[in-house]
Amino acid sequence: MDEHPPLTIPSGTPAEIERFYRSLRRIRRVEEEIARLYPSNVIRSPIHLSIGQEAVSVGVIDGLNPDDVVAASYRGHAAYLAKGGDLKAMFAELYGRDTGCARGRGGSMHLIDPAHHLLGTSAVVGTHIPLAAGQALALKREGRGRVVVVFFGDGATEEGVFHETLNFAALHRLPLLFVCENNFYAIHSPLDHRWATRRLCERVATYGIPAHQITDGDLLRIRACALEAVASMRQGSGPVFLECHTYRWCEHVGPSEDFEAGYRNRTEAQPWQETDPLDVMGRLLDPLTRAQIDQEITLEIAEAVAFAEASSFPAAEELLAHVYAP
Amino acid sequence: MSTRPDGMSGEGRLLRYVDALAEAVAQEMERDPRVFVFGLDVTDHKGIQGSTLGLRERFGPDRVFGTPLSEDAMTGVAIGAAMAGLRPVHVHIRNDFLMLAMNQLVNIAAKTHAMYGGAVTVPMVVRSMIGKSWGQGAQHSQALHALFLHIPGLKVVMPSNAHDAKGALIAAIRDDNPVIFIEHRLLYPTEAYVPEAPYTVPPGQARICMTGDDLTLVGISNMVVECLRARELLAEIGIQAEVIDPIWLEPLDIETIAASARRTRRLLVADNAWTRCGIGAEIIAAVLERAGPAAGIAVGRLGFAATACPPAPTLEAAFYPNPATIAEAAYRMVKPDAPAWHPDPERAKLAYQVQFRGPF
């Protein structure tokens with residue numbers, strides 16, 4: 001375990017800052033738009049928003065090549081978008097349209113973009129973790145140095161399949177980066193009701209996997225740690241584990257806040273909201289550049305929503321399509 | 001013992017079921033470098049009763065390897081590898097152990113193609129074996145095909161002889177869907193004529209093993225063999241049973257069974273499992289839906305007694321259908337008003353049941 005990785009955290013170059021801001025802002029604005037639309041019932045799919053947690057996906061995925069593979073969970077909008085997932089196909093999927101990334105068969109919890117090497121996201125907690133190992137097995141055999149990143153929450157680390165996969169990945173030295181987005185709650189259950197100790201990285205390290213903890217949500221630190229892990233994995237080092245503390249601003253499922261529900265309070269969120277990487281990156285940009293990025297994102301989202309609204313629902317006659325591959 | 005039902009070429013050598021399985025996998029691995037075999041103990045000195053022996057030496061440790069006892073994750077690994085373009089054959093030495101893999105099989109493997117709108121496929125084979133006899137007991141003897149048959153997106157095949165074992169396994173490996181391939185331990189030493197060149201026994205085609213006009217007998221897995229023996233007992237008293245092996249239960253060739261039942265007007269399904277919510281109920285319902293009440297088809301089901309499989313020989317013998325109980329049930333359907341008939345129990349035994357010795 002390594003609470004303070006001996007990394008030099010570079011301050012981002014102007015181009016990097018712009019890239020990070022654009023990616024964070026795009027994800028935030030997409031999800032805010034989803035939340036705005038949600039009460040109108042045009043999106044009839046359970047949504048698990050990433051708002052507040054975007055920096056983990058953005059920081060890790062920035063260290064990947066386009067042909068590296070990403071696996072994520074039902075709280076997967078951020079990973080989907082950070083990996084380059086098609087925004088129009090995403091909105092169309094949320095609207096249940098035939099032009100959706102899963103042709104209206106997936107919904108918010110089952111986004112997929114094979115062209116951008118994003119595995120389908122999965123809604124049973126932890127279930128996608130071994131699938132990522134299967135992908136990593138295939139990439140290891142391919143021998144081109146490609147890697148897989150799998151994102152999951154703190155709750156997933158309680159599933160047996162998580163530990164089974166850690167063991168197998170270490171045994172076979174798979175090029176697999178495990179990224180735990182620890183937001184301290186599984187639905188509404190706090191960590192201390194679920195974990196005998198908080199020493200997650202120590203647990204993982206016993207499998208022979210280097211495990212690093214990043215507690216401050218700093219995007220540049222996350223990215224630096226991921227870059228180093230990915231570089232070693234491309235050389236055949238085997239899997240690496242990152243535990244990134246983060247915080248979910250909205251309710252577990254749905255478009256709203258839930259600080260009044262009683263299981264957590266707003267003061268807990270405040271430090272995270274005060275150091276929001278989106279604000280941090282935004283302040284580093286000159287106002288003109290920032291305004292231009294914001295406007296481009298606004299236009300892109302409007303186009304995606306219009307695309308979804310203009311698309312058809314799948315025909316009822318196609319209900320049984322895709323049950324079996326031909 | 002050799003079986004050679006109609007519909008087989010009769011070409012090739014007499015080959016044991018277990019060797020037919022091994023030959024199928026080796027030929028597909030030779031043909032397609034994407035195929036790999038893994039599972040607990042596939043590389044040990046016993047090689048899953050011989051069905052994986054020699055594969056590691058021939059194809060190397062990257063394509064043939066043992067696993068930790070992690071059925072849940074290993075099934076996920078198979079699915080992930082299949083989605084990435086490989087063609088895994090995941091081997092379990094007992095069907096019972098698939099219960100540890102159900103989340104991956106039901107929630108992921110079965111749904112992936114549909115749930116992502118056809119964007120990805122999961123071409124994988126899950127091999128497992130049903131145990132029977134020599135006191136296998138409650139957790140080494142189950143045949144749980146009904147659980148898998150309930151789930152759209154999975155294919156299920158249960159070959160009853162060496163010819164079909166080879167052809168169905170090749171078809172399963174070439175299929176772009178997850179296939180649950182269920183073998184029977186007692187069939188492993190049985191022989192049939194098996195062509196040497198690769199061939200497929202394709203999904204959705206039943207085989208009429210023996211023809212007859214008085215009754216349609218459908219057997220599942222090794223119950224096909226028991227039905228064929230029951231047919232001999234029935235023939236001795238002038239009853240001609242038609243014996244059908246569906247081979248693939250999903251997709252199921254219901255038309256072949258329905259056509260036979262319409263003609264014989266009697267349908268008896270002998271399952272290698274419990275009858276409740278089983279393939280027997282499914283076959284009978286599907287046939288009656290097609291034929292309608294006017295067809296006047298009498299129906300019956302046989303299967304495991306509704307309890308956990310006991311190891312005590314007296315109890316175990318009563319737990320399973322056998323040629324005598326199948327023949328008696330058929331007789332009652334053909335001659336409902338005649339006095340009861342019981343075949344000579346000694347003559348009703350199967351050769352392999354007499355000869356088999358454990359341990360497995």
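How many residues of chain A are in contact with how many residues of chain B? I counted 32 residues of chain A in contact with 32 residues of chain B, where contact requires C-beta atoms, placed from the backbone, within 7 Å.

**Conventions.** I treat this as a predicted model, in which local features need pLDDT of at least 70, side-chain atom pairs count only at pLDDT 80 or more, and totals for chains, interfaces and linings use all residues. Residues are numbered from 1 along each chain as its sequence is written, while chains are lettered from A and ligands numbered from 1 in the order in which they are written.

**Confidence.** I noted ipTM 0.95 and pTM 0.95 for the model.

Helices (H or I, at least four residues) and strands (E, at least two) are DSSP runs, numbered from the N terminus. H5(A) gives the largest share of that side, nine residues.

**Helix H6(A).** I listed Val161(A), Phe162(A), Glu164(A), Thr165(A), Leu166(A), Phe168(A) and Ala169(A) as buried in H6(A); buried means 20 or more other C-beta atoms within 10 Å of the residue's own, with C-beta atoms placed from the backbone. Their cover includes H5, strand E3 (176-182) and helix H7 (200-205) of chain A, together with helix H3 (71-83) of chain B. Just after H6(A), I recorded a positive phi of about 50 degrees at Arg173(A).

**Domains of chain B.** I took domain 1 (13-194) and domain 2 (207-355) from the domain assignment, which is automatic or from a database. Their centres, taken over C-alpha atoms, are 27 Å apart. I found 26 residues of domain 1 of chain B in contact with 23 residues of domain 2 of chain B.

**Core.** I examined the largest nonpolar core, which has 205 residues, Ala330(B) being among those with the most contacts inside it. Such a core joins buried Ala, Val, Leu, Ile, Met, Phe, Trp, Tyr and Cys residues through C-beta atoms within 7 Å. Both domains of chain B give residues to this core, so it lies between them.

Notes: Buried ≥ 20, exposed ≤ 12 C-beta atoms within 10 Å, placed from the backbone. Contact = placed C-beta atoms within 7 Å.
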